[in-house]
Amino acid sequence: MDLAGLVEQVVTGLGYELVDMEMSPRARLLRVFIDVPRGITVDDCATVSNQLTRVFEVENVDYDRLEVSSPGLDRPLKKAADFERFAGETIQLRTHLPLNNGNQRNFSGVLKGFADGKVLLAQDAGVLEIPLEEVEKARLVPQF
């Protein structure tokens with residue numbers, strides 16, 4: 001059974017976006033991160049948690065604990081749509097391997113968007129174009 005697909009189907013069916021999902025070894029702990037443009041409330045988390053619990057029971061999903069929460073201010077960016085949606089925001093990004101024959105894997109700057117399969121990141125030296133498949137991790141940097 002495709003647990004990630006099942007969770008995404010339930011979450012999107014309820015009108016939320018599945019931002020991320022984490023599973024501990026042997027799926028004992030499932031963490032589900034959801035979002036909507038207006039922001040997530042405790043009631044939203046309870047709604048998704050209750051629905052997932054019912055679906056897991058029907059589908060015989062074996063787990064010990066389920067946690068549903070918002071992605072937080074330092075929300076992870078994973079999909080192309082994330083990099084388009086949060087254009088103009090400051091982000092931190094880490095690549096799988098060093099880029100441009102250098103030794104740098106960690107980058108930060110202002111996200112300029114996404115085009116031709118590449119994340120566009122503005123830095124003092126100019127705009128970096130980083131292929132999405134090279135991105136190991138990316139997240140928003142909260143501005144206070």
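Reader: What relative accessibility does Glu136 have?
Author: This is a predicted model, in which local features need pLDDT of at least 70 and side-chain atom pairs count only at pLDDT 80 or more, whereas totals for chains, interfaces and linings use all residues. Residues are numbered from 1 along each chain as its sequence is written, and side-chain values use heavy atoms, with hydrogens and water left out. A residue is called buried under 20% relative accessible area, exposed over 50% and partly exposed in between (1.4 Å probe, protein chains only). Glu136 counts as partly exposed because its relative accessibility is 38%.

Reader: How many residues apart in sequence are the parts that Glu136 and Arg105 tie together?
Author: The side chains of Glu136 and Arg105 meet in a salt bridge at 2.8 Å, N to O. Glu136 lies in strand β8 (residues 135-140) and Arg105 in the loop between β4 (90-95) and β5 (106-115), so the pair ties together parts whose separation in sequence is 31 residues. A salt bridge here is a side-chain nitrogen of Lys or Arg within 4 Å of a carboxyl oxygen of Asp or Glu, and helices (H or I, at least four residues) and strands (E, at least two) are DSSP runs numbered from the N terminus. The separation is thus 31 residues.

Reader: Which strand does Arg85 reach through its salt bridge with Glu17?
Author: Arg85 forms a salt bridge with Glu17, the closest N and O atoms being 2.7 Å apart. Because Arg85 belongs to helix α3 (residues 80-85), the pair ties together parts that are 68 residues apart in sequence, Glu17 being in strand β1.

Reader: Which strands stand at the edges of the open sheet of 3 strands?
Author: The strand order is β1-β2-β3, with mixed pairing, where two strands pair if DSSP finds at least two bridges between them. Each edge strand has a single partner strand, so one side of each is left without a neighbour in the sheet; these strands are β1 (17-23) and β3 (65-69).

Reader: How many bridges join β1 to β2?
Author: The two strands run antiparallel, with β2 covering residues 29-35, and Glu22 stands opposite Arg31 in β2. The number of bridges joining β1 to β2 is 6.
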